[in-house]
Each structure stands twice: as C-alpha cells, then as structure tokens.
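Me: I would like to learn how to read a structure such as this one, feature by feature. Could we go through it slowly, with the general idea before each case?

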Amino acid sequence: MALKDADLDIAISDSGSTKDASWGAVQKIEAVDMDMDLLLNRNNAEIRQYPDWSRGSGESWGHFVVRLGTEGHTFFDAWLLAAGCIGQVMMTTPNAWHKTGLIPGALIIVWGTVIGFYTIWQLKAMYYDRKKQLIEQGKWFDDPDKPHMRKHKTQMQELLGYYLGPVGGKLVLCMMFAMWFGVGVAQILASATNYYSIDQSHSLRTYTIIFGATLLPFGLIPSFRKMRVILVIGVLGTLYTSVFGLYLAHTKGFAEAPAARLVPEAGGMSSFQTFFNGLAIIFAILDHHNIFSETIEAMQHPRKYFKSYVLGFFPLFLMIVPPGIVLNLAFAKSGIATAGNWFQLAPLSLGKQTAVWLMILHNVQAWVLWMTAFGFMWEKMVGTHEKALWVRLTSRLPYLLAVYLFAVCFPFYSAINTLMTGLTSPLMYYTMPCIAFMMHYRHQENRDKCPYQLARTLFKVVGWRTIYALDIALALYGVVLCACTSSMAVLNLVKLNNTFGFFPECYGCKAYQTAPKLL
C-alpha cells in the first residue's frame, strides 16, 4: 500500500501546530503515525502479495501451507516471540528465587518488567527517529525505485551506536557479542542436561557433543520472518512444562512449605554472592531487548510492536511465576537449593519425558532466534551481510563452531547463564537505552520532531525534566547492578572451573540419580 506524496510529507515532517495541539489534534497525529507505520516498514513485496491468514488469489495450497507455517511478520508472531522467549530459564527460576528469597524475587520481577516496558518505549522512539532520517536521506532501501528491497538488517549495536557515538557503539557491540555467544552456549548445555535427566546411559559430555552438533545447522536460518512454527512449538513446550511443574509440586505435597526461604539468607560474602547469582538468573527472564531491532524490523506494522511486547509478558508470567513459587514451597528442604534444573527433582515418568523433549525443542527455537541475530552481526563484522545467501551462511560457521567448542569445554549451564546475564543485561536493559535517549532528546528540536506519537505525548504530559532525572537514576542503577552481578558470576565460574577443570565428563551428575518411575 503506497502513501500519497502529501501524506509522506506530513508523516516525515514536523508540524509546528502540534506544540499547542488539543487532544483532538493529538488524535490526528496518531492517525499520521499509522501512515508513518506504513512508511517505516520494509514493505516486503511477498508480504503484500498475499493476505496474512488466508489463501491468496492464484496461490497453491502447498505454498499457502508453507507460508502459513513459516512467515513471521504479524502482530501475532511478535506476541509469540515475547511470550515464548523465556525457555530454559524457567527450569532455573525456582532455584534463583530460593537464592534471592521469594518475596524479593517477586518484587524484582515486577520492578524489572515495568522498567523494561519503559526502556522498550525509548528504543522504539529512537528506532523510528533513526529510520525516518535514513529514509529522508535516501539511505534506507537498496534502490529508491524498489522500496521493498532491503538486505541490511538494523540491530541494537547500530541503533544505539548512532546515538552513543563510536565508542559507545563499540561497547554495545562487545556486549551484544558476549550476550549472544553466551546464550548459544547455554542452549547446547540446557539440551544436554535436560536429556541427561531422563537417560544416564552416556556421560553428560557425550550428550553435549551430540546436541551441539544437532543445533549447529539451525544457526543457518537466514531471516526472522521464517520462524512461525518454531515460535508456536516453543510457547506450547513452555506451557506444558509449566503445567508439569505445578503437577510435580502437587504430587510432592507442601509439608516443607514452612521452611521455604522468603527473604535472602543472612551472612557474609557467600550470601552476597548467592543473592546476586540468583538475581542475574531472574534478569534472564526479563531481557528481550537484545532482539528488539530484528523483531520490529520483521513486522509489517512496526507501530504494533510495543503492544505485542507488553501483552506477551502476561502469558510469560503465568508460565513462570506459579511453578516457581509452588516448587519452592514443595521442595524447600529436599533439593530446591541445589536444583539448577528442576527436572532433577522429578521422578522418571512419561510426563517428564514429554516435558524434556518439548523443552529441547524450545531450546532449538531459542538457538535459532539468538544465533540468527548473532549471524547478522557476525556477517557485518566480516563483510558478508549484503552478499549472496550462500556466502552469508557459510561465513557464520566460525562463530557457530566456537560456541560449540566453548560449550563442551565449560559445561556449567547456570554459571554461564549467570555470567552472560549479569555482565550484559543490566547495561542493555537500563543503562545504554537511557543514556542514548538522554543524549538525543535533550534538545527540544529533536523532541518536537520525534515521529513516535506516544513519545511526543509523554514529553508534554510527563515533562522532559522528569524523564531526564529518571533516565539518570536508571543508568546509574544499571552500572551498579552490572558490577555486582558480573563480579559474583565470575567468582562462581572460576570456582567451578578450578573444581572440575576443562572438558569435564560429567559436571553435576550426582544430582541426576536414576529415579523410580512415576507412571
């Protein structure tokens, strides 16, 4: 759908009358933002060729079925991504809450979610602003005469790098590299430990090698627009496992509930380290910011991204919070303190085997998401991002193999996840978006020209000074949090490596004793 020239002029220019506009005028601006949505999306020709959920004119049934299962550009797909992004972290959440205490853990999740909504709003405003500039300069599409053609995928390090400058951009690049590398390692280890909980016929290292080799080819998927079936499987797997966790707690009973840890354990350095290691795992639940750019750019209607992100958190909480609480109550004295993966608390049963396989499929989904985003960044680093598809995908092999080797060398899932999250999430979740937002919108002219209507409204209603003060506080909070969580995570990883060495055959295997069958 093309816009009229007059609409384009309105959409990409600032209207002086909006400064003193009434609420009626603001509603008109919101209508203009819908035009801006059309201007800012990639207008992929294939997407416009067929309707989203029905067979198009002249389309074969085979093509329709494939398209229905693989396309990923709608509001529903973005919602699926937000709702199902949690994955394997749900297996460590009960243990993390035991470390922080149930009450602080719950408060941290609520606080982190609210602030996450705030910083996602900031990222969307900056994304719209930067994209509008590139469109006006004729630098967005590959060919101005073919507005549906664009090979380049905008990523977080490019978006924040523009606002933070060269040094800030490189810092963000390093953090994104560490984050995606760590997530890739975690998915291999998670799949291996999950399967080991139902079959101890081989060593954990053997399963790590097998699942690493199995996941490698899935790192070669070229686009975020081809993942619908994978996302659906991921959400269903998480939902089933959540229900299984509730069932496990119910069958165990709650006789141990009075011993559940409601507040952090009092003590010295050891308690401090335990609390912040648990806190880092909780942040892994919340931080989806690292694939913000790839997701909003894959959507046909980017203006709906914020709504999909917010609504996606409701099913996520329903799948994470209830099992986390009841498992802490049921196993307060019989294993929750050492259960880095709560599958080790469950006796062998058909229900457990089903949950394990569904979570392994979910780990495949997570691997695809994070390694595809990592692939985009890697392609840009080695200069293959806009070359032929076979060149792009072949160039990804070095980092995929490096992730594989690291997983076999350091098979400490919880420690790797804690280190990766503690080092990167506070900065990417709080500090960097807030600093970039302050640097750009401290100028009145930039606030007036922001193409995102919600941002312009908040600038007027809340006031820039209030937003500026809040951003300063959150930026400092992120730095302090990063220092605490990352330093404690490093100490934990060093301790584990000194104990088990490199390439250990069976780290943590004693926790996975063969259990009697439940069914």
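Me: How far does helix H13 (residues 305-330) reach from its first C-alpha to its last, and what reach is expected at 1.5 Å a residue?

Reply: Please keep in mind throughout that this is a predicted model. The general idea is to set the end-to-end distance of a helix beside the span expected from its length, which is 1.5 Å times one less than its number of residues. Helix H13, with 26 residues, reaches 38 Å between its first and last C-alpha atoms, close to the 38 Å expected. Along the way, H13 bends by about 30 degrees at Leu-316.

Me: What span would a straight helix of 41 residues have, and what does H8 span between its end C-alpha atoms?

Reply: A straight helix of 41 residues would span 60 Å at 1.5 Å a residue, whereas H8 spans only 36 Å between its end C-alpha atoms. When the two values part in this way, a local bend is worth looking for, and H8 has one of about 145 degrees at Gly-165, with a proline, Pro-166, following within four residues.

Me: How many of the residues of H8 are buried?

Reply: Burial is read from relative accessible area, with under 20% counted as buried. By that reading H8 is mostly covered, since 31 of its 41 residues are buried. Gln-187, which has its place in helix H8, is one case: its relative accessible area is 7%, and therefore Gln-187 is buried. Leaving aside neighbours within four places in sequence, Gln-187 is in contact with Leu-215, Asn-363, Ala-366 and Trp-367.

Me: Is Ala-178 buried or partly exposed?

Reply: Ala-178 is also placed in helix H8, but its relative accessibility is 29%, so it counts as partly exposed. Setting aside residues up to four places away in sequence, Ala-178 touches Met-420 and Thr-424. The C-alpha atoms of Ala-178 and Met-420 are separated by 6.7 Å, although the two residues are 242 apart along the chain.

Me: Which residues have the most contacts inside the largest nonpolar core?

Reply: A core of this kind is read as a connected set of residues, and here the largest has 143 of them, those with the most contacts inside it being Met-126, Leu-160, Val-172, Phe-292, Met-428 and Phe-437. Helix H8 gives the most to this core, with 20 residues.

Me: Where is Ala-260 found?

Reply: Ala-260 is found in the loop between helix H10 (228-252) and H11, and because its relative accessibility is 13%, Ala-260 counts as buried. Leaving aside neighbours within four places in sequence, Ala-260 is in contact with Leu-102, Asn-328, Leu-329 and Ala-332. Ala-260 and Ala-330 are 70 residues apart in sequence and 8.4 Å apart in space, C-alpha to C-alpha.

Me: Which loop holds Ile-221?

Reply: Ile-221 is found in the loop between helix H9 (204-215) and H10, and at 18% relative accessibility it counts as buried. With neighbours up to four places away left aside, the contacts of Ile-221 are Met-227, Ile-230, Val-368, Thr-372 and Arg-396. From Ile-221 to Val-368 the C-alpha distance is 7.0 Å, across 147 residues in sequence.

Me: How many disulfides does the count come to?

Reply: A disulfide is a covalent bond between the sulfur atoms of two cysteines. Here the count comes to zero disulfides. Cys-484, for example, is in no disulfide, the nearest cysteine sulfur being that of Cys-482, 9.2 Å away.

Key
Residues are numbered from 1 along each chain as its sequence is written. This is a predicted model: local features need pLDDT of at least 70, side-chain atom pairs count only at pLDDT 80 or more; totals for chains, interfaces and linings use all residues. Side-chain values use heavy atoms; hydrogens and water are left out. A nonpolar core is a set of buried Ala, Val, Leu, Ile, Met, Phe, Trp, Tyr and Cys residues joined through side-chain atoms within 4.5 Å. Buried means under 20% relative accessible area, exposed over 50%, partly exposed in between (1.4 Å probe, protein chains only). Helices (H or I, at least four residues) and strands (E, at least two) are DSSP runs, numbered from the N terminus. The bend at a residue is the angle between axes fitted to the seven residues ending there and the seven starting there. A disulfide is a pair of cysteine sulfur atoms within 2.5 Å. Contact means heavy atoms within 4.5 Å.
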